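The following exercises are to be worked through with the sequence and the structure at hand. Each task is followed by a solution in steps.

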Amino acid sequence: MLKENGILFDVTLCVGCGSCYKKCKEVNSLPQANNDFLKDHLSNNTYTVVEQYDKLYTRKLCMHCNEPACASVCLVGAIKKSPTGAVVYDGDKCIGCRYCMQACPHKVPRYEWSSTKPRIRKCIMCNNRVQEGKLPGCAEICPTEATLFGNIDKLIEVAKNRLKDNPEKYYQHIYGLEEAGGSHVLIISPVPFEQLGYVSKLPKESMPEFTMRAMEKIPSVVVGGGVFLSAMYWLTKRKNQIAKEEKNNTHGN
Amino acid sequence: MKINEILKPTFWKVVSVIIVTIGLVSTFYRFTRGLGATTNLHDMAPWGLWIGFDFLGVGLAAAGFTIAATVHIFHLHKYEPMVRPAILTAFIGYSIVVCLLVVDLGRPENFWHPLVMWNIHSVMFEITWCLICYTTVLILEFAPVVLEKFNLTAPIKYLRIISIPVVIAGVLFSTLHQSSFGSLYLIVPGKLHPLWYSSLLPVHFYISCIASGLSMIIFESFLIARAFPKDEGFHHTELKMNILSGASFAVLVALIAGFLLKSYDFINNGKISLLIKPSAETYLFYLEIITGTIVPISLLSFKKFREDKKWLYIISICVISGLILNRLNVSITGLIASSGVNYFPSFDEISITAMLVVLGVFAFRIVAKNFHLFEAAESHETVKERI
Amino acid sequence: MVAVFVLAVFLFIIAADIIVLKFQGKKHPAFATAIPQYGSSIHDENDISIPSDIIISKGHTWIKFGRDGLADIGIDAFGAAALGKMSVVKCADEGKEIKKGEIIFEGSYGDKTVKFLSPVNGFVKAVNSNIIGKKISGPYEMWGIKLITDSKENKRQFLSGNEAQNWMKNEFIRLKSFIENFTPDTGLAGVTMYDGGKLSDELASSFTAEAIANFEKEFLSL
């Protein structure tokens with residue numbers, strides 16, 4: 001638990017300079033897609049994007065859920081929740097079913113559609129850099145500390161304190177604390193989150209819960225079904241036998 | 001003479017050859033140029049026509065397990081003549097599904113990964129394994145037909161010994177993966193339109209597959225009677241009305257069960273108000289329910305219609321249409337609204353799908369012509385019971 | 001949209017197939033007129049369809065009123081196939097007067113003979129000696145007797161067109177339960193019928209004289 005890291009993004013501090021966008025491209029060696037970073041959107045070569053809503057700027061990136069839907073649905077386990085808190089991806093395992101894209105409640109994973117050996121592309125919270133002891137690119141470069149990287153429990157603390165200390169400045173909700181079972185990216189803002197293009201009204205339970213409720217019935221279906229079918233096999237067979245014997249008896253008479 | 005017969009062009013032969021040729025070209029493009037160049041799939045609509053068709057194929061192939069269970073487990077031997085066509089249908093249906101899945105996979109060369117890399121929490125993983133196991137079951141169930149043809153009686157004996165456990169396993173695997181196709185969408189409560197999203201999705205899928213699988217077999221009986229007419233020397237291919245009527249009664253029961261479940265779901269979850277909200281989804285939902293459930297239920301309720309082959313044909317088409325609408329509504333319509341984009345399959349997507357369907361029909365034809373598919377093939381058991 | 005598209009393609013193919021069959025002059029099995037309860041070869045589609053100029057009597061004979069004032073009379077599809085292939089044994093004598101309800105033909109299914117009754121009053125003008133002793137195929141082309149008859153006779157008691165076809169279907173349905181009741185080995189007959197096998201000519205031979213009499217009463221009386 002202690003080692004788990006996260007990102008806190010504070011909309012009030014963001015000036016929309018786009019450093020995080022550029023740095024992200026640099027550290028992940030992604031090609032430049034759009035000259036105007038504000039017009040870009042998440043894609044197979046853009047892991048994070050800065051968006052403008054009136055005078056506010058906000059970031060979109062993978063939320064690194066506590067119990068990621070994408071990881072739970074991946075049948076080969078190509079997407080995993082790393083102990084560092086990041087949701088990471090192994091392109092060599094991936095078979096390309098794209099269930100993760102379908103399942104993600106935040107609609108984040110992108111696909112290399114134009115490639116013949118396509119991979120899923122999304123923010124992996126610079127997991128390699130973090131393991132080397134560095135900060136993720138976006139957190140390192142951010143000039144206003146709008147993007148903070150650190151221990152997730154501490155970040156929650158920080159966010160709660162900011163909301164408490166400046167109640168007039170912040171909309172009283174931490175996006176990502178409870179959404180879809182909670183995530184390792186937290187966002188605080190002065191306005192409700194649907195105004196910033198975030199998926200609102202997400203359930204508080206983690207998404208894999210919805211599937212587990214059905215999956216956990218499988219063993220009982222198998223056992224119950226097996227017993228029922230065997231019993232029916234035996235019963236109907238016996239019934240036919242008895243019917244035949246009776247018929248034979250009447251014929252005998 | 002035989003060659004001449006095969007080469008003699010008929011309307012459907014010409015159409016099939018054209019479809020397959022175009023499909024092969026599209027398949028070539030698909031594998032050489034990638035998904036992006038050949039499909040209209042994109043980040044907001046990652047699943048399209050191919051996945052939708054997988055849903056259809058699996059749903060319509062459901063008769064494989066229901067008929068096998070009816071005959072071998074519930075000992076209703078009246079339905080024996082349906083077993084072999086049903087199992088063959090299921091096998092071909094699943095083959096189409098597997099081919100489409102491989103075409104749809106971004107990395108088709110990695111298709112074997114699920115065999116060695118496991119994630120037991122994934123519904124997709126469960127489905128994959130059930131598909132593999134059930135296809136094996138289907139091969140075992142159909143093997144006697146092939147072995148019989150080549151007079152290999154020794155293995156048939158062994159197959160007969162394990163036949164009941166195999167049938168039971170088949171029913172269980174089918175139950176699991178048929179319902180799991182519904183479970184796939186349990187994880188997207190926010191994305192799938194509430195008209196279709198329900199925590200009971202797996203049960204909906206299971207019940208509807210029973211009704212439509214049986215309808216498919218009824219529909220197919222007509223296709224068989226049409227494709228292999230008696231005056232061309234085929235035997236046992238004609239319609240057997242008492243069997244079809246019996247099966248149609250089972251369709252009625254399954255449809256009513258499905259309808260009750262759907263009503264319960266709507267009332268219980270307060271979704272009634274959605275029914276009067278005018279939107280494209282609502283209209284498609286009505287179309288689905290009316291053609292696939294209400295019309296067939298009201299027609300099948302009358303014995304007169306159940307015993308009239310013309311009406312049975314029309315009803316089976318209705319139920320199949322309902323399933324087509326339902327599965328595609330869940331997998332495409334219901335998700336498009338929340339994605340904020342539009343999706344319509346590209347030419348290559350359509351042509352590859354059409355090609356696989358044509359090849360499936362072709363495979364059925366070949367097997368039907370060369371193996372004893374329609375013989376009143378009585379298992380030893382039936383004969384024993386009669387004696 | 002995709003759902004509607006796929007559905008439209010599915011329905012289009014079904015419709016196209018029916019049109020293709022129409023061009024080939026065949027009928028789709030779902031819409032071909034045959035007796036639904038039977039898949040049997042004795043009830044081919046041509047057996048049940050009735051030419052429009054022919055009217056059917058409830059005693060399973062057919063009548064065609066010609067322009068020359070003569071009426072052709074023959075045995076209908078049901079009579080020709082009910083208990084196996086039938087062959088005509090005897091016709092009413094040429095040059096004699098015959099009254100409605102008198103015996104006009106005798107036919108045999110295997111070793112059992114049944115009597116058909118004349119549907120009208122008339123004078124036997126000609127007898128088709130070609131049909132005697134032959135099995136009937138194409139029942140409506142094989143006339144048995146030409147009668148001079150009063151064509152003003154009440155035609156309402158006869159059936160034609162759709163009405164006749166439906167009635168004929170019903171007769172086959174009735175026949176099914178009749179056979180089930182009167183075959184000694186019920187299982188055997190039932191199986192042959194259900195499985196679409198041919199009704200063997202031996203079927204009639206397994207009938208008792210009483211059953212044949214019943215058959216005449218049930219199906220051949222006017």
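This is a predicted model: local features need pLDDT of at least 70, side-chain atom pairs count only at pLDDT 80 or more; totals for chains, interfaces and linings use all residues.

**Exercise 1.** Identify the residues of the nonpolar surface patch of chain B, and state which helices each supply at least two of its residues.

*Solution.* Step 1. The patch is made up of Ile256(B), Phe259(B), Leu260(B), Tyr286(B), Ile290(B) and Ile294(B). Together they have about 500 Å² of accessible area.
Step 1. At least two residues come from each of helix 11 (241–268) and helix 12 (280–300) of chain B.
Step 2. Ile294(B) is located in helix 12 of chain B. Its relative accessible area is 38%, and Ile294(B) is therefore partly exposed.

**Exercise 2.** Describe how strand 2 and strand 3 of chain A are arranged, and explain why strand 3 of chain A is described as largely enclosed.

*Solution.* Step 1. Strand 2 (residues 49–53) pairs with strand 3 of chain A through five bridges, in the antiparallel sense.
Step 1. The two strands of chain A form a hairpin, with two residues between them. In the turn, Asp54(A) has a positive phi of about 55°.
Step 2. Across the pair, Tyr53(A) faces Leu56(A) of strand 3.
Step 3. Strand 3 of chain A spans residues 56–60, and four of its five residues are buried; the rest of the structure therefore largely encloses it.

**Exercise 3.** What is the strand order of the open sheet of six strands in chain C, and which are its edge strands?

*Solution.* Step 1. The order is 1-2-3-9-8-5, and the pairing is antiparallel.
Step 1. Strand 1 (55–56) and strand 5 (97–98) of chain C are the edge strands, since each pairs on one side only.
Step 2. Within the sheet, strand 8 (residues 122–127) and strand 9 (residues 145–148) of chain C run antiparallel and are joined by four bridges. Val127(C) is placed opposite Ile145(C) of strand 9.

Terms used: Residues are numbered from 1 along each chain as its sequence is written. Chains are lettered from A and ligands numbered from 1 in the order in which they are written. Side-chain values use heavy atoms; hydrogens and water are left out. Buried means under 20% relative accessible area, exposed over 50%, partly exposed in between (1.4 Å probe, protein chains only). Two strands pair if DSSP finds at least two bridges between them. Patches are made of residues with over 30% relative accessible area and no salt bridge: like charges are joined within 9 Å, nonpolar side chains (Val, Leu, Ile, Met, Phe, Trp, Tyr) within 5 Å. Accessible areas come from the Shrake-Rupley method with a 1.4 Å probe; for residues, only the protein chains shown count as cover. A salt bridge is a side-chain nitrogen of Lys or Arg within 4 Å of a carboxyl oxygen of Asp or Glu.
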